[in-house]
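Dear colleague,

I am passing on to you the structure shown below, together with an account of what was found in it. Please read the notes with the model open beside you.

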Amino acid sequence: MPAFASHAAVVLALFAQMPFSSAVHQQIQGELSHDSISKNLKNKYHLLAIAMPDGAAGAKNFVQSLLGSAENGIAEVSPGVPRDELDVQSLMENGTICREYRTSGFGDKGEINQRIAGEVATTLAHRNAVDTFLAGDADYAIIFEDDAVLDLQPKDFQKIAQSKNASFLDVMDYMLSKMPKGFHEVNLGRCQTLCHRQKNIVQVSSKLAITKAVWQFCSHAYLMSREGAEMLSALLSKDICAANDKMKIRNREYMQFSTSPRIFSQDGRCGVNGCDGLDMLRECHCDAEPMPDTDGLCADA
């Protein structure tokens, strides 16, 4: 998952708390376009793609293509936080991250701190994208990392939304019409999930279900409500003890669901957190063989 930085005038105050260079500020601001934002039209969806400056143009094209010609939404880029400009020790001292921060993998202190910086950069970028959404008027945010890949075809949109010329947002509309009340997030691109232990909550169509599953990891694509965004912003603002997807899973009050199958995968650029080989990007943890099952998690798969 790539490393990220904050976005838009409404969250620029956050930069004062982080040692970002003025050159990064100028480059990011130059890459972003705000002409799609209109305060005269109530927006249902706010699509945000998190990307570093060199990927901003492609990320903007991606979310704009998903928005299409819809008039009830906006699409823009939320810039990434450069991990090399984060001081892990200082972030621990000011309470942003836990001293007991847990990360995957092994190594010496320098290697572990570098890995933590990458995960925290990703987490702060997601928080900043969420805050950008909260500063606007849309009902729902759909947030992407810049390595997200849409797995559905137009014919799939039609089958899920039961409409001849259905778009991606039509699929979201249809899905939302069937969601449980009070939900906070739908993970649209889960990975490493124990799919064989999932519970189907809603059968959206013959092609798509809303599930509650064990290990709904990955945050490269998700839809969230305003209530969920408020909760997630607070959760990712202090005492960060793990990567953002793990923070969500650990919070029992955060009502997260996932689609089955997932709608978005990743293109394999794994980013700052790594992925220990492309097999780690699979949707279901127990699908790949041979699979070392040291904890017996796949015994009943």
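Phi of Cys218 is near 80 degrees, a positive value in a residue other than glycine.

Two remarks on the basis of these notes follow. This is a predicted model, in which local features need pLDDT of at least 70 and side-chain atom pairs count only at pLDDT 80 or more, while totals for chains, interfaces and linings use all residues. Residues are numbered from 1 along each chain as its sequence is written, and side-chain values use heavy atoms, with hydrogens and water left out.

The chain as a whole

The protein chain contains eight helices and 10 strands; these are DSSP runs numbered from the N terminus, with helices (H or I) of at least four residues and strands (E) of at least two. Of its 301 residues, 53% are buried. The chain exposes about 13500 Å², of which carbon and sulfur atoms supply 50%; accessible areas come from the Shrake-Rupley method with a 1.4 Å probe, and for residues only the protein chains shown count as cover. Among contacts (heavy atoms within 4.5 Å) between residues at least 6 apart in sequence, 77% join residues at least 24 apart.

Nonpolar cores

In soluble globular proteins, nonpolar side chains tend to be buried together. A nonpolar core is here a set of buried Ala, Val, Leu, Ile, Met, Phe, Trp, Tyr and Cys residues joined through side-chain atoms within 4.5 Å. The largest one has 40 residues, and those with the most contacts inside it are Leu47, Ile142, Phe144, Met172 and Leu188. Helix H6 gives the most to this core, with seven residues. Apart from it lies another core, of 31 residues, including Ala117, Val120, Leu235 and Tyr254. Leaving out residues up to four places away in sequence, the residues that Ile142 touches include Leu47, Met172, Leu188 and Tyr222.

Aromatic rings and charges

Rings of Phe, Tyr and Trp (its six-membered ring) pair if their centres lie within 6.5 Å; planes under 30 degrees apart count as stacked, over 60 as edge-to-face and the rest as tilted. By this rule the count comes to seven aromatic pairs. The rings of Phe62 and Phe144 have planes at 90 degrees and centres 5.4 Å apart, so this pair is edge-to-face. The two residues are 82 apart and link distant parts of the chain, with Phe62 in helix H2 (residues 56-67) and Phe144 in strand E3 (residues 140-145). Phe144 is buried, at a relative accessible area of 0%. A stacked pair is formed by Tyr140 and Phe183, at 6.3 Å centre to centre and 10 degrees between the planes. Tyr140 lies in strand E3 and Phe183 in the loop between helix H6 (168-176) and strand E5 (185-187), so the pair ties together parts that are 43 residues apart in sequence. Phe183 is buried too, with a relative accessible area of 7%. Ring pairs also link Phe62, Phe144, Phe168 and Phe264 into a cluster.

A charge sits over a ring if NZ of Lys or CZ of Arg is within 6 Å of the ring centre and within 35 degrees of the ring normal. Lys212 lies over the face of Phe257, 5.5 Å from the ring centre, and the charged end of Arg226 sits over the ring of Phe133, 4.9 Å from its centre.

A buried histidine

His46, in strand E1 (residues 45-51), is buried, with a relative accessible area of 3%. Its side chain makes a polar contact with the side chain of Glu76, at 2.6 Å; such a contact is a pair of N or O atoms within 3.5 Å, where within protein one must be able to donate a hydrogen and the other to accept it, and residues adjacent in sequence count only if both atoms are side-chain atoms.

Backbone details

A cis peptide bond, with omega about 0 degrees, joins Ser260 and Pro261. Pro261 lies in the loop between strand E9 (256-260) and strand E10 (264-266).

With kind regards

How values were computed: Buried means under 20% relative accessible area, exposed over 50%, partly exposed in between (1.4 Å probe, protein chains only).
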